[in-house]
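Please look through the model below. My notes follow as numbered points.

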Amino acid sequence: MTANQVLEIFKKITTIPRASGHEGPMTDYLCGWAAAHGLESKRDATGNVCIIREAAQGREDVPTIVLQAHQDMVCEKVSGFVHDFAKDPVPYVIKDGWMVSENTTLGADDGIGIAACLALLEDDKPTGRIEAVFTISEETGMDGAFAMEQGFFTGKVLINLDSEDEGQLFIGCAGGENTDIFFKYDFEDFEPGWEAFELRISGGVGGHSGDDINKKRLNAVRAMAGFLQQESRHGLQLVILTGGGKSNAIAREAKAVIRVPDAKAAKERFLAFGETTRKEYADTEPALCFKTAPNVFNEKPIARKDTKALLDALVACPHGVVRMSPSIKGLVQTSTNLAAVDMTSRQEIKVVTSQRSSVVAELDQIVEKVARTFRKAGARVVSYGKYPGWNPDLDSHVLEVTRDAYRKLFGQEPLVLAIHAGLECGLFLEKFPGLDMISFGPTLRGVHTPGEKLELASLDKFTQLLDEVVCNYK
């Protein structure tokens with residue numbers, strides 16, 4: 001197996017629609033690929049797929065290795081860029097040692113994990129028995145892992161291929177939960193003589209709500225809500241407020257349509273707010289943009305009492321790091337992400353948040369704190385999709401094998417870490433007790449955001465490591 005083989009398979013995967021919840025074409029591709037290569041496969045009712053390669057002669061006594069990746073991808077694009085994830089191939093270029101999709105997500109999370117599994121399965125090197133497991137809807141709630149029935153795979157050694165930093169071996173992850181909020185609201189009449197205009201915040205870096213939550217990224221939704229709360233002192237009618245996207249991504253953009261008594265002064269205050277914010281985030285947000293534009297919107301504005309309740313709650317809602325790990329330097333222990341606000345359904349506003357922690361009690365506490373913030377504002381709150389963390393095991397045999405392989409191949413010591421992002425490993429451990437697990441992958445940057453990219457040099461090292469571990473496992 002070579003990095004080039006993996007890359008060529010991944011290029012094919014970029015042409016297959018696989019948004020979370022709509023992985024059917026990817027599922028069909030995997031089953032068809034197995035049949036074309038003479039390998040056994042099975043698909044459960046949820047859409048999870050397992051492809052099996054039996055042990056080579058003389059390797060029958062090697063423990064079965066489960067290779068695991070998820071089928072779905074986060075589908076995000078630059079505002080205004082024309083792309084339909086349901087049918088269009090992901091546009092990418094290869095430059096300066098990276099494979100990058102400049103205007104959409106690339107889907108290397110976790111398409112590169114799928115590609116590595118398939119490249120290894122079709123390689124002719126002798127291995128023990130391999131079960132390659134591909135789950136669905138990992139990005140939106142780990143639905144496939146939740147629904148997987150006991151016996152879907154049999155191996156007791158699992159290698160998760162959903163990590164994003166070459167040279168780092170992950171042996172633990174945070175648990176998490178999603179919390180959605182629903183505001184009902186009334187309308188009010190237009191204030192005579194007031195002018196409507198549009199405010200936009202764009203160009204934010206965004207990022208993964210686990211991996212990037214501690215990297216001083218602007219939350220565009222929270223920034224917009226903060227400005228509107230201040231601006232309401234001068235007189236404001238809110239017509240539209242939208243921003244963000246997926247629950248596991250930091251909000252990069254936000255838009256509001258407002259009516260005010262003095263549009264010129266309000267626009268000047270917004271642009272001044274933008275300038276102050278750009279200076280505050282100069283080191284981490286080089287492309288932030290604050291703009292105003294004319295807007296004629298015929299819908300009535302939201303009643304001011306409901307506007308106040310919404311904005312106060314959005315500003316009060318915690319976002320970011322809640323607590324760092326006291327035992328692992330640099331590791332976020334607990335965090336929360338104010339991910340999105342959506343008004344596509346008139347007379348109901350939906351706010352999307354997600355919480356993570358490697359400590360169950362702290363996860364419950366931050367979920368309740370977020371919920372309480374919005375309940376005080378009269379909103380309906382629904383928490384769902386809770387998944388467990390994965391506690392590190394420093395005595396893991398697969399960790400020992402992988403660490404030795406890394407030293408042998410590259411002459412240096414890999415980092416052994418836990419990750420604040422959620423992996424499916426915690427759920428697998430609940431369903432399949434006794435699993436010995438590790439997670440590693442090539443270097444990805446900008447996951448869950450347009451501009452996501454894969455470092456090709458790291459893909460080569462990742463491929464060598466996976467090949468060494470699987471082909472020589474004892």
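1. Start with strand 7. Strand 3 (residues 65-70) pairs with strand 7 in the parallel sense, over four bridges. One of the contacts can be named: isoleucine 65 has valine 157 of strand 7 as its bridge partner. Keep in mind that this is a predicted model.

2. Strand 7 also pairs with strand 19. These two run parallel and are joined by four bridges. Here asparagine 160 has serine 439, in strand 19, as its bridge partner.

3. Which way do the side chains of strand 7 point? Val157 and Ile159 point one way, and Leu158 and Asn160 point the other way. All four are buried.

4. Four strands form an open sheet in the order 4-5-21-20, and the pairing is antiparallel. Strand 4 (93-95) and strand 20 (444-445) are the edges; each has a single partner strand, so one side of each has no neighbour in the sheet.

5. Within that order, strand 5 (residues 98-100) and strand 21 (residues 453-455) run antiparallel and share three bridges. Valine 100 stands opposite lysine 453 of strand 21. Lysine 453 has a ring contact too: its charged end sits over the ring of tryptophan 98, 4.6 Å from the ring centre.

6. Lysine 42 lies over the face of phenylalanine 152, and the distance to the ring centre is 5.2 Å.

7. Now the aromatic pairs. A pair of rings is described by the distance between the centres and the angle between the planes. The count comes to eleven aromatic pairs. Why is the pair of phenylalanine 153 and phenylalanine 432 called stacked? The ring centres are 4.1 Å apart and the planes meet at 25°, and planes under 30 degrees apart count as stacked.

8. Where do these two rings sit in the chain? Phenylalanine 153 is in the loop between helix 4 (143-147) and strand 7 (157-160), while phenylalanine 432 is in the loop between helix 10 (425-431) and strand 19 (436-439). The pair therefore ties together parts that are 279 residues apart in sequence. Phenylalanine 153 and phenylalanine 432 are both buried.

9. Another pair is edge-to-face. Phenylalanine 227 and phenylalanine 270 have 5.1 Å between their centres and 70° between their planes. Phenylalanine 227 belongs to helix 5 (residues 220-231) and phenylalanine 270 to helix 6 (residues 263-280), so to speak of distant parts of the chain: the two are 43 residues apart. Both phenylalanine 227 and phenylalanine 270 are buried. Ring pairs also link Phe227 and Phe270 with Phe273 and Phe290 into a cluster.

10. Last, the empty space inside. Rolling a probe the size of a water molecule over the atoms shows where such space is left. How many cavities of 30 Å³ or more does a search of the whole structure find? It finds three. The largest cavity holds about 260 Å³ of space.

11. The largest cavity is lined by 26 residues, and the closest to its centre are Glu138, Glu139, Asn248, Arg356 and Tyr387. Strand 9 (175-184), strand 16 (348-357) and strand 17 (380-387) each give at least two residues to this lining. By type, the lining of the largest cavity has five nonpolar, 13 polar and eight charged residues.

Methods. Residues are numbered from 1 along each chain as its sequence is written. This is a predicted model: local features need pLDDT of at least 70, side-chain atom pairs count only at pLDDT 80 or more; totals for chains, interfaces and linings use all residues. Side-chain values use heavy atoms; hydrogens and water are left out. Rings of Phe, Tyr and Trp (its six-membered ring) pair if their centres lie within 6.5 Å; planes under 30 degrees apart count as stacked, over 60 as edge-to-face and the rest as tilted. Buried means under 20% relative accessible area, exposed over 50%, partly exposed in between (1.4 Å probe, protein chains only). A charge sits over a ring if NZ of Lys or CZ of Arg is within 6 Å of the ring centre and within 35 degrees of the ring normal. On a 1 Å grid over the protein atoms alone, a cavity is a set of points where a 1.4 Å probe fits but cannot get out, and a pocket is an open set with protein on both sides within 12 Å along at least five of seven lines; lining residues have an atom within 4 Å of a point. Grid points are joined across faces, edges and corners, and a volume is the space filled by probe spheres set on the points. Ala, Val, Leu, Ile, Met, Phe, Trp, Tyr, Cys and Pro count as nonpolar, Asp, Glu, Lys and Arg as charged, and the others, Gly among them, as polar. Two strands pair if DSSP finds at least two bridges between them.
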